[in-house]
Amino acid sequence: MAYRDQDSIASLGVVLDGSAAPQAWVRGEEAWFLYHREVLGHLALAYDTYRLAELDRACARHLVLLLPTVPALVGDHVRTLTRWVSSGGGLIICGDPGPLAELAGAWADVTVEEGHVTCAPTGPWQPAPDVALRAFGGTTLQPSGDAATLAEWVRDPGGLGGQAGQATAVTTRAVGAGMVTTFGVDVWQTLVRIHQGWPVTGDGVPPEDGTAPVDEGILKCDDGIALSYERDRGLAPTAKAFSTPFRYETPPSGPAPMFHRPHADMWRDVFAAVLFWTMEKVGRPAGWLGYWPVGIPAVAHMSHDSDGNTDDSARAALDAFEAADVRVTWCFLHPGGYSAEIYKDVIAAGHEPALHYNAMAESDLAYWGEDYLAAQLTWVRQVTGTDSIVSNKNHYTRWEGWAEFYLWCERLGIQIDQSRGPSKQGNVGFPFGTCHVTFPMSDRAHGNRLIGVLSLPMQTQDLWLTNVIDNRAVFLDQALEHHGVAHFLFHGRNIVAHEEVRNAVLETVAEGRRRGMPWWTSAEINAWERKRRHVRIVVARSDDSLVVTACTPQPVDRASILLCVPGLNAGPTYRVVSGDGEVRAVRRHRRRFLELATDLAAGTSTYRLASE
Ligand SMILES: [Zn+2]
C-alpha cells in the first residue's frame, strides 16, 4: 500500500465486485483479475479501488475507470456508467463486457483457451509489438459498426499456422465525449501464465528440433514454460543459420532458436499504452515512478553459482569479476562448500552472499521441500557469517508444483528468487516472458494473493558454453527496450575450465555498460523495487500548469517521475516553476512521457510545471 498523507485522488479508479473472486473459486477457477494489483503496483501508478456499491462515487471522482473484470451489474449501474462515459469518462473493460456490451460496442463471442494476438500497426502503441503475442484465456469479440479493432486473435489450431484477422481481441469505441476500450483477451491470466508457467509435475514436452531436451527426468522451471517453442522463438539476427538436424553439444555446435521476445512485458506495454492513451484522450494527467533512477534506462545483473565448490573455481571467478569490475550475487551451494576464507573474500570483494538451494539429492538435506530449504538457508547463514541473506536461486533451476516455492521463501524471509530461467540451449532468453522483477500470484487455495517474494528472471547460463555469444545482444537490447533487467549467470567451474567463458564475463560486463546499464546485485534490485512501489504520485491540472504531488515514506534519490500529459504529443513543452527538478521528454511503454527528475525527500513533495 502506497504511503499517503492526504486524501489525494488518484488518476485511476478501479471498480471491483467483492464477490467475483469467491464466485470464481466456487467454480474451480483462479481469480486471475486480482493480478491487476501487480500490474498497477509494478507501474507504481496510484489508483483508488471502489466496491460496486460505490460506483456513483467512483464516477464522480474519476475521469478514467478500470474494470479488471466486469462485475454483476444491474440496470442502474449500466445507466450510471453510460452517462459517465458519454459525458467524458474513459472506461477500460477486461473480459466479457456482459451487460456493458452495448456501451462497449463489443459482444463476447467465442471463449478462447490459448492463442496469439496481433496488435494493429497504429493504435495507442507506437510502434506496435513486432511479434504476435502469446495469450491465454478470454473471448473473441463481435464489434459493433462504430467500434474500432485494436488487436486481433490469430487462430492457430494445433498451435501452428493461422491467419491474422480472424477474430477481434481488443476494441475501442468513442461514446459522446468519452470512450470505452475492451480487452477480450484475458490480459491478467495471460501475464500470470507466461510468468509462472504451468505447474511442474513431470517433464515438459521438448520441441521436435532437438534444441531443448527438457525431458531428462529432472523437474525444473523450464518444464512448465507456457510460451510456444514453435511460435514464440527466433534466432539472434547476427547468428548463423539454424542447421538441422541439430546436434545438442556443449559448447553448442551452432545457434538455436531462443525466446527472443519478452511476451509478458509486451502485454504490459499494450495494457499501459491503452491506459495512458485513455488518460490523454479524456484529458486526465497521471504520473508513475520510472522503473529505475533517472539516467538508468535498464539494469544488468550477474549471478554466480558455486557448483562444484572448489576453491580454485571460486578464485577464478573472483579474479574474473575483479577484472570486469563487477559485483555479483554469489549463490552458495550445499553440500560441502568452500574453505572458510573464500566466504570472507567473496563478501570482502563486495559480492552479495546468497543461497543456491540444492534439491538434486546430493546430500541428506538436498531434496525438494520447505524443511530442506530452511536447513540450507541456516547453513548458508552459518558459512557466510551473515543473517541478511535475501536472494536465492535453485540449483539446476529445480522446481516442482506452481507457486508453493514462493510461499516457502516468503515464510523463510527470502525476498527475491532468481530461479526462473533456462536450462537448455533452445529455451534461453525470455522463457517466462519477462525481464522485469514482479511479485508472483498464489493459487486459489491461497486466495490468489500476491506473494511477497520478487521473481528476478534469468536470461542465460554461461555464455559461449551453453548458447552462442550472438544471443547476448538480444538479451541486453530487449532488457533496454523494456527497461528491465538483463540477468547473466556464470559458474566459477566453467570460468576456470574455459578461457572463453572468462572472456564472456568481461565482454558481457562491458557490453552492458556500453548501453548505459549499470550492474546491480539482486539485493540492490530487491531493495529498489520494494522502495519505489511505496511512492504515490498524484497529478492535477491547475489552469495551464500541472501540479505534481509525490508522497514517499523513504527518500528516493534521482527519482524519475513519468508524467502522462494530455496533448504532450502536440508539442507543448513544460518547465518546472516551483519545486526542485528538471523535465525532459522520454519514451516508455511505446508512448511519450514527460520525465520529472528530482530527489524525493521522505514525506510529501510538490512541484508545479507550466507549459511554455
Ligand atoms: Zn547450480
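The model is predicted; local features need pLDDT of at least 70, side-chain atom pairs count only at pLDDT 80 or more, and totals for chains, interfaces and linings use all residues. Residue numbers start from 1 along each chain, as its sequence is written.

Next I checked the strands around this pair. Strand 12 (residues 286-289) and strand 22 run antiparallel and are joined by four bridges. I count two strands as paired if DSSP finds at least two bridges between them. Strands are DSSP runs (E, at least two residues), numbered from the N terminus.

Then I followed strand 22 to another partner. Strand 25 (residues 591-600) pairs with strand 22 over six bridges, in the antiparallel sense. Leu 562 has Glu 595 in strand 25 as its bridge partner.

Is strand 22 mostly covered or uncovered? Strand 22 (residues 556-564) is mostly covered, with seven of its nine residues buried. Buried here means that 20 or more other C-beta atoms lie within 10 Å of the residue's own, with C-beta atoms placed from the backbone.

I turned to the sheet with strand 20. Four strands form an open sheet in the order 20-21-26-23, with antiparallel pairing. Strand 20 (536-542) and strand 23 (574-578) are the edge strands, and each pairs on one side only. On average, neighbouring strands of this sheet are turned by 30° against each other, direction ignored. For such angles, axes are lines fitted to C-alpha atoms, and the range is 0 to 180 degrees between N-to-C directions.

Last, I checked strand 20 against strand 21 (residues 545-552): seven bridges join them, and they run antiparallel. Val 538 stands opposite Thr 549 in strand 21.

Technical notes
A residue is buried if 20 or more other C-beta atoms lie within 10 Å of its own, exposed if 12 or fewer, and partly exposed in between; C-beta atoms are placed from the backbone.
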